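This report walks through selected parts of a protein model, from a sheet and its helices to some charged contacts. Please keep the sequence and the structure in view while reading.

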Amino acid sequence: MVLPVKRWFAIAFLAGAIAISQATALAADDWQIIKLSGQDYLSVDNISRFYGLPAGIAASGEKVEFEAAKNPLEFVSGSREVMINGARSWLCFPAIEQNGKLLVSRTDVAKTIEPLVRPHRVPNVGKVQTIVVDPGHGGYDKGQVSRYGYEKDFALDVARKLRPLLQAKGLRAIMTREGDYFVPLEVRAQIANAARNSIFVSIHFNATNDDPNATGFEIFSFTPRGAPSTSDSAVASSSVNMQPGSEVDAQSMALSTCIYHSLLGHIPEYDRGIKRARFAVLRLTKVPAVLIEGGFLTERGECKLISNKDWRGKLASAIGVGIENYRALGKKQPPMLVADYRKQIKSAPIEPAIQDGNLKEADSSLLDLVGRSAFLAPQHASTPSQRSSLESAPIVP
């Protein structure tokens with residue numbers, strides 16, 4: 001019997017809808033929500049079973065290092081720290097013990113663990129034509145200062161080395177500044193928002209007055225709605241108000257994991273983690289965005305490394321590989337992990353980055369977009385900036 005075409009399509013559509021609804025119900029049944037003080041939690045055992053990944057639990061106060069991590073998921077009781085596929089990450093809320101089980105917030109399963117474990121499953125991931133490379137600071141804003149130079153100059157050099165690598169991959173690369181001048185934070189975000197299918201990568205270097213021995217990379221994406229940032233010392237009610245989130249939060253976390261695994265795989269510095277912050281350049285961008293801290297200018301050995309142009313070339317290359325890995329997610333291809341890179345590096349070290357010394361001061365397309373006046377330095381005395389220059393202004397819910 002031959003069915004009419006319209007009727008055949010109707011039956012096929014109905015069968016497909018039933019199959020999808022059954023799969024959705026099955027997935028929902030996999031989660032056992034635990035209510036605690038009005039918040040939703042899931043047990044580590046439940047998370048481990050769902051993803052099919054072994055999970056380990058360290059005692060409160062312990063620190064899990066990459067070499068000691070035995071499982072793809074390693075949690076620390078009472079802490080926001082977690083190791084996911086060999087990269088240190090930070091949950092929005094601490095993992096807590098209840099009736100012999102370690103519990104993780106439902107927010108973190110959706111907003112942290114899912115995009116880091118399965119970034120290739122994130123909707124609309126990998127759709128990128130333009131990379132907006134943002135060298136932090138500039139002009140009167142020197143950024144952090146070391147015995148070898150200023151953060152603004154090191155960041156600009158990394159960006160200059162990164163751009164030709166991206167262009168060689170067929171990507172359009174725009175820099176928010178190409179010389180030693182200051183660009184307002186809102187203008188940097190405006191450039192990213194105006195570009196087609198863009199992602200935003202801001203390059204910085206770190207400093208601290210608290211620990212002169214602090215070292216390592218860290219990478220930030222925007223803090224989810226209703227969650228505290230990683231730097232918040234306590235999860236107080238004031239930190240968990242309904243501040244605006246980002247519609248591309250999952251894509252930003254996927255971008256974070258791709259770049260971060262490449263950084264650690266190519267340049268095995270101390271791993272400070274994938275973190276969250278409400279920095280202005282992250283808050284104001286409407287596209288997938290990350291901010292990279294490429295090491296500490298206040299640590300004796302690391303500031304010497306950062307001052308070396310060849311090391312900065314390696315950093316640029318590692319960032320470029322991570323971006324290319326993010327683009328591959330659009331083909332539903334799982335990203336390479338830090339262990340994969342380290343195996344690869346043993347036989348084939350990455351090539352030094354191409355240097356481009358012929359960059360013009362300001363891209364004419366940027367001047368057309370935001371106006372020349374946006375690039376003029378404010379009329380006040382030149383003083384080295386502090387980290388607060390990156391922090392977001394007060395947010396009105």
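## Terms and basis

In what follows, a residue is called buried when its relative accessible area is under 20%, exposed when it is over 50%, and partly exposed in between, using a 1.4 Å probe and protein chains only. Arg312, for example, is buried, with a relative accessible area of 9%.

The model is predicted, and for that reason local features need a pLDDT of at least 70 and side-chain atom pairs count only at pLDDT 80 or more, whereas totals for chains, interfaces and linings use all residues. Residues are numbered from 1 along each chain as its sequence is written, and side-chain values use heavy atoms, with hydrogens and water left out. Helices (H or I, at least four residues) and strands (E, at least two) are DSSP runs, numbered from the N terminus.

## An open sheet of four strands

Four strands form an open, antiparallel sheet in the order S1-S2-S8-S7, where two strands are taken to pair if DSSP finds at least two bridges between them. Strand S1 (34–36) and strand S7 (96–98) are at the edges with a single partner strand each, so one side of each has no neighbour in the sheet. From one strand to the next, the twist averages 50°; axes here are lines fitted to C-alpha atoms, for helices over the stretch in contact, and angles run from 0 to 180 degrees between N-to-C directions.

The antiparallel strands S2 and S8 are joined by three bridges, and Ser43 has Leu103 in S8 as its bridge partner. Helix H2 packs on the sheet, where it touches S2 and S8, and its direction makes about 65° with that of S2. Helix H3 lies across S2 and S8 and runs at about 65° to S8.

## Helix H2 and its cover

Which residues of helix H2 (residues 44–51) are buried? They are Val44, Asn46, Ile47, Ser48 and Tyr51. What covers these buried residues includes strand S2 (39–43), strand S3 (55–58), strand S4 (73–76), strand S8 (101–105) and helix H3 (106–117), with contact meaning heavy atoms within 4.5 Å. Just after H2, Gly52 takes a positive phi of about 70°.

Arg276 is found in strand S15 (residues 271–277) and is buried, at a relative accessible area of 2%. Its side chain reaches the backbone oxygen of Lys111 at 2.7 Å. Leaving aside residues up to four places away in sequence, Arg276 touches a set of residues that includes Lys111, Phe220, Phe222 and Asp249.

Lys111 and Asp249 also meet through their side chains in a salt bridge (3.9 Å, N to O), a term for a side-chain nitrogen of Lys or Arg within 4 Å of a carboxyl oxygen of Asp or Glu. Because Lys111 lies in helix H3 and Asp249 in helix H6 (residues 249–266), the pair ties together parts that are 138 residues apart in sequence. Lys111 is partly exposed at 32% relative accessibility, whereas Asp249 is buried, with a relative accessible area of 5%.

## Salt bridges around Asp157

The whole structure holds 15 salt bridges. In one of them, the side chains of Lys161 and Asp157 meet at 2.7 Å, N to O; these residues are four apart in helix H4 (residues 151–168), which means a separation of about one helical turn. Both Lys161 and Asp157 are buried.

The side chain of Asp157 also forms a salt bridge with that of Arg312 (2.7 Å, N to O). This pair links distant parts of the chain, 155 residues apart, with Asp157 in helix H4 and Arg312 in helix H9 (residues 309–328).

Notes:
Polar contact = N/O pair within 3.5 Å; in protein donor to acceptor, adjacent residues only side chain to side chain.
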